Amino acid sequence: MQTTGNTILITGGSTGIGRAIARAFHAQNNRIIVTSRNQARLAQLQQEFPDWSTYPADLTCTADVIELVAFIEEQHGSLNILVNNAGQQTACNFLHQVPSPAALVGEMRLNFEAALLLASLLLPVLLHSPAALIVNVGSALGAVPRSAYPVYSASKAALSALSVCLRRQLRETNVSVMELVPPLTDTLMNAERSGPKMSPESVAEALLCGIQNNRRTIRPGSSSILHAISRVSPGLASRLVEASP
Ligand SMILES: NC(=O)c1ccc[n+]([C@@H]2O[C@H](COP(=O)([O-])OP(=O)(O)OC[C@H]3O[C@@H](n4cnc5c(N)ncnc54)[C@H](OP(=O)(O)O)[C@@H]3O)[C@@H](O)[C@H]2O)c1
């Protein structure tokens with residue numbers, strides 16, 4: 001698929017990997033729509049990139065998702081790439097700290113349900129264009145769960161299964177489904193964590209390259225190494241993940 005001349009919605013596009021993806025697509029002459037919660041950050045982006053379209057939404061809130069879809073249909077009927085990137089990662093230990101029900105459900109809502117709803121509600125728009133793409137931003141923890149991040153791991157496993165099923169259902173259509181599985185990346189999400197991190201720009205570059213090459217799953221850097229290890233020795237992959245910083 002071409003990486004130019006598209007109209008692209010990037011959720012969580014105001015920081016980190018989403019922002020880098022938005023900038024990389026923008027540099028290749030695509031129309032960019034970015035959504036996230038923080039209005040000040042969106043206003044700053046709008047100032048920096050006046051031709052971007054920004055839309056404030058809390059994607060854990062179904063009403064916000066539905067309003068975002070209406071905005072896309074009304075203002076950007078030609079949308080042909082959806083990047084489900086917004087995500088959060090919260091450590092939790094069910095034995096030692098009881099998370100609030102809202103926090104537990106909110107993480108699942110953002111990481112999985114928002115992507116599910118957007119893919120489903122925007123599908124009619126995507127089916128309208130000659131070539132369209134859904135990119136779901138997953139995580140290696142979706143395949144090799146880490147006990148410190150139970151909800152996150154479960155949400156990314158669900159997202160990965162959704163990607164496989166959607167891809168199969170849409171096989172005969174113009175809509176492709178791709179999974180991006182970044183390695184540990186230098187963003188706000190894991191600012192506290194040590195260890196080697198990939199830059200968000202390199203993750204975005206890998207995504208665009210993968211799109212050009214019609215790849216189904218893109219695993220930049222150490223993400224592909226962990227994947228290979230998990231196929232040969234799932235136990236070793238688990239130990240590596242549990243021991244990572
Ligand atoms: N960083 C890594 O090492 C890594 C590795 C593997 C996978 N990933 C995945 O990559 C994606 C991007 O992560 P990142 O590292 O770039 O994180 P990040 O810098 O924390 O960015 C997260 C983005 O999601 C938005 N967001 C958070 N909660 C939201 C909500 N309720 N509604 C709408 N938007 C919301 C944030 O903006 P607001 O706060 O303004 O809403 C922000 O734009 C995530 O899906 C993550 O799981 C990251």
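Buried means under 20% relative accessible area, exposed over 50%, and partly exposed in between, with a 1.4 Å probe and protein chains only. Helices (H or I, at least four residues) and strands (E, at least two) are DSSP runs, numbered from the N terminus.

The model is predicted: local features need pLDDT of at least 70 and side-chain atom pairs count only at pLDDT 80 or more, whereas totals for chains, interfaces and linings use all residues. Residues are numbered from 1 along each chain as its sequence is written, and side-chain values use heavy atoms, with hydrogens and water left out.

Helix 5 spans residues 150-169, a run of 20 residues. From first to last C-alpha it reaches 29 Å, close to the 28 Å expected at 1.5 Å a residue; the expected span is 1.5 Å times one less than the number of residues. Its buried residues are Val151, Tyr152, Ser153, Ser155, Lys156, Leu159, Leu162, Ser163, Leu166 and Arg167. An α-helix has 3.6 residues a turn, so residues three or four places apart point the same way.

## The ligand and its shell

Around the ligand stand 29 residues, of which Asn85, Tyr152, Thr185, Thr187 and Asn190 come nearest; a residue is near a molecule if one of its heavy atoms lies within 4 Å of it. The shell divides into twelve nonpolar, 13 polar and four charged residues. Ala, Val, Leu, Ile, Met, Phe, Trp, Tyr, Cys and Pro count as nonpolar, Asp, Glu, Lys and Arg as charged, and the others, Gly among them, as polar.

The protein covers 93% of the 880 Å² of accessible area that the ligand has on its own, by the Shrake-Rupley method with a 1.4 Å probe. Helix 1 (16-27) and helix 5 are the elements that give two or more residues to the shell.

## Methionine 189

Methionine 189 belongs to the loop between strand 6 and helix 6 (200-212), and counts as partly exposed because its relative accessibility is 38%. Beyond its neighbours within four places in sequence, methionine 189 is in contact (heavy atoms within 4.5 Å) with Gly87, Gln88, Gln89 and Tyr152. Its C-alpha is separated by 9.7 Å from that of threonine 15, 174 residues apart along the chain.
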